[in-house]
Amino acid sequence: MTNYLNSAEEEDVKLLSTKTYDILNSNNTELYNLISNFNGDDVEIFQAKDNNKTARINGKMIHSMYRPVEEAEKTIEKYALSGKNIVLFLGVGLGYTVKAVLSKIKPETKIYIVEEKLSLIKEMLNIPEINSAYESKSIYIYHTSQNKLFMYDVEKNFRLGIVPEYEIIINNICYENNKTKYHEFLETFRDLISNNLVGTST
C-alpha cells in the first residue's frame, strides 16, 4: 500500500527557508520567480518503503518505491566521475543522484542540472549538501524554459582552449516526460563542446 504524505507533510515539502530563497534569487532570479509563483504540478511525492521520499509522474516511478537513495547510489557507481570537470544532469527527480555525485567529484567540478518540475527542484534544494553546493555556485540549476541562461553559464565556465572532461546523466522518466525540451539542452551542450573543440584546434 502506498504511504502518501499527510497534508502537514505535503506543506513541508513545498517550503524553502528564507536563506534558500535569497540564494535562489541571487543565483537565478528567473527561477526564483517561477518557484515563488508555483502552485503545484502533476508530480506525486510520497514515502518509499524505507521512509525516504520517492516520486512518480504520469503513473511512472521516478525513483524506486522501496529504496530510492540506495538505487541512486548504485546508479552513480556506474560512472567514472573523479576526473570530470562538468557533470550535466537532464532530469534529477528528488536529487538523490546529485547528492551521490557530490561525494565522487573534485571540489572544482561544476554540476549543471536541468529539471522541468518545480516541485522536484524545491525538494532537491531542501537537501543540505545540494543547498550548500548551490550556494557556493558549484551547482547550477535551470528550469527547462531557461536554455539561454544555461548556454551562457556553461560557456563562461569553459577554460579558454581547454576541452572539459564531462559526464551526462539522464533520468529517463523525467527526460521522456518532456523529451523535446531536454533534448534541446542536450544539443546546446553538445554544440558548446563542439565549438570549444573547434576553438582549441584553431
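A search of the whole structure, a predicted model, finds 7 aromatic pairs. Rings of Phe, Tyr and Trp (its six-membered ring) pair if their centres lie within 6.5 Å; planes under 30 degrees apart count as stacked, over 60 as edge-to-face and the rest as tilted. Local features need pLDDT of at least 70, side-chain atom pairs count only at pLDDT 80 or more, and totals for chains, interfaces and linings use all residues. Residues are numbered from 1 along each chain as its sequence is written, and side-chain values use heavy atoms, with hydrogens and water left out.

**Aromatic pairs**
- Tyrosine 21 and tyrosine 32 form an edge-to-face pair, 6.0 Å centre to centre, with 85 degrees between the planes.
- Tyrosine 21 lies in helix H2 (residues 18-27) and tyrosine 32 in helix H3 (residues 29-36), so the pair ties together parts 11 residues apart in sequence.
- Helices (H or I, at least four residues) and strands (E, at least two) are DSSP runs, numbered from the N terminus.
- Tyrosine 32 has 23% relative accessibility and counts as partly exposed. Buried means under 20% relative accessible area, exposed over 50%, and partly exposed in between (1.4 Å probe, protein chains only).
- Tyrosine 142 and phenylalanine 150 also pair edge-to-face, at 5.4 Å centre to centre and 85 degrees between the planes.
- Both tyrosine 142 and phenylalanine 150 are buried.
- Ring pairs join Tyr112, Tyr140, Tyr142, Phe150 and Phe185 into a cluster.

**Overall build**
- The protein has 10 helices and 8 strands.
- Of its 202 residues, 46% are buried.
- Among contacts between residues at least 6 apart in sequence, 69% join residues at least 24 apart. A contact means heavy atoms within 4.5 Å.

- Asparagine 131 sits in helix H7 (residues 128-135).
- Its relative accessible area is 14%, so asparagine 131 is buried.
- Leaving out residues up to four places away in sequence, asparagine 131 touches Thr20, Ile23 and Leu125.
- Isoleucine 45 belongs to strand S2 (residues 43-47).
- Isoleucine 45 counts as buried because its relative accessibility is 13%.
- Isoleucine 45 and leucine 94 are 49 residues apart in sequence, and 9.0 Å apart in space, C-alpha to C-alpha.

**Positive phi in loops**
- Asparagine 51 is in the loop between S2 and strand S3 (53-57). Its phi is near 75 degrees, a positive value in a residue other than glycine.
- With a relative accessible area of 59%, asparagine 51 is exposed.
- Asparagine 58 is in the loop between S3 and strand S4 (60-61). Its phi is near 50 degrees, again positive in a residue other than glycine.
- Asparagine 58 counts as exposed, at 54% relative accessibility.

**Cavity**
- The count is 1 cavity of 30 Å³ or more. On a 1 Å grid over the protein atoms alone, a cavity is a set of points where a 1.4 Å probe fits but cannot get out; lining residues have an atom within 4 Å of a point.
- The largest cavity holds about 30 Å³ of space. Grid points are joined across faces, edges and corners, and a volume is the space filled by probe spheres set on the points.
- Its lining is Ile57, Ile62, Glu115, Glu116, Lys117, Cys174, Asn177 and Tyr182.
- By class, the lining of the largest cavity has 4 nonpolar, 1 polar and 3 charged residues. Ala, Val, Leu, Ile, Met, Phe, Trp, Tyr, Cys and Pro count as nonpolar, Asp, Glu, Lys and Arg as charged, and the others, Gly among them, as polar.

Conventions: On a 1 Å grid over the protein atoms alone, a cavity is a set of points where a 1.4 Å probe fits but cannot get out, and a pocket is an open set with protein on both sides within 12 Å along at least five of seven lines; lining residues have an atom within 4 Å of a point.
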